[in-house]
Amino acid sequence: NVGSTITLVGTSASGTTVLFSEQGPCVIAGAVLTALGAGQCQVTAISPGNATLTPGSETYTVTVQQPPRRPAR
């Protein structure tokens, strides 16, 4: 839902730090993804590789929904 946060965790076969990037109505600060608006966010996990393993990446789609409206009183 809009305003929700989730901590991203990634591991790589090379043992290097996994970096994250986002596109869409979300923002990443450190490893925390925050949904800013309804829609689809593309989150990409990037492993820079090392001397024996080549760099790689994987992209995931996160669907953010508008929270349900509360009935007027």
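How many disulfides does the structure hold? The structure holds one, where a disulfide is a pair of cysteine sulfur atoms within 2.5 Å.

Before selecting anything, note that this is a predicted model, in which local features need pLDDT of at least 70, side-chain atom pairs count only at pLDDT 80 or more, and totals for chains, interfaces and linings use all residues. Residues are numbered from 1 along each chain as its sequence is written, and side-chain values use heavy atoms, with hydrogens and water left out.

**Whole chain.** Show the protein chain as a cartoon. Helices (H or I, at least four residues) and strands (E, at least two) are DSSP runs, numbered from the N terminus. Along the principal axes, the C-alpha atoms fill a box of roughly 65 × 15 × 15 Å. Of the 73 residues, 22% count as buried; buried means under 20% relative accessible area, exposed over 50%, partly exposed in between (1.4 Å probe, protein chains only).

**The disulfide.** Select Cys26 and Cys41. Their sulfur atoms are 1.8 Å apart, and the link is right-handed, with 80 degrees about the S-S bond. It links distant parts of the chain: Cys26 lies in strand S3 and Cys41 in strand S5, 15 residues apart. Both cysteines are buried.

Centre on Val43. Leaving out residues up to four places away in sequence, Val43 touches Leu8, Phe20, Ser21, Ile28, Leu33, Glu58, Thr59, Tyr60 and Val62. Contact means heavy atoms within 4.5 Å.

**An exposed leucine.** Finally, select Leu36, in the loop between S4 and S5. Leu36 counts as exposed because its relative accessibility is 55%. Beyond its neighbours within four places in sequence, Leu36 is in contact with Val2, Pro25, Cys26 and Val27. The C-alpha atoms of Leu36 and Ser4 are separated by 8.2 Å, with the two residues 32 apart along the chain.
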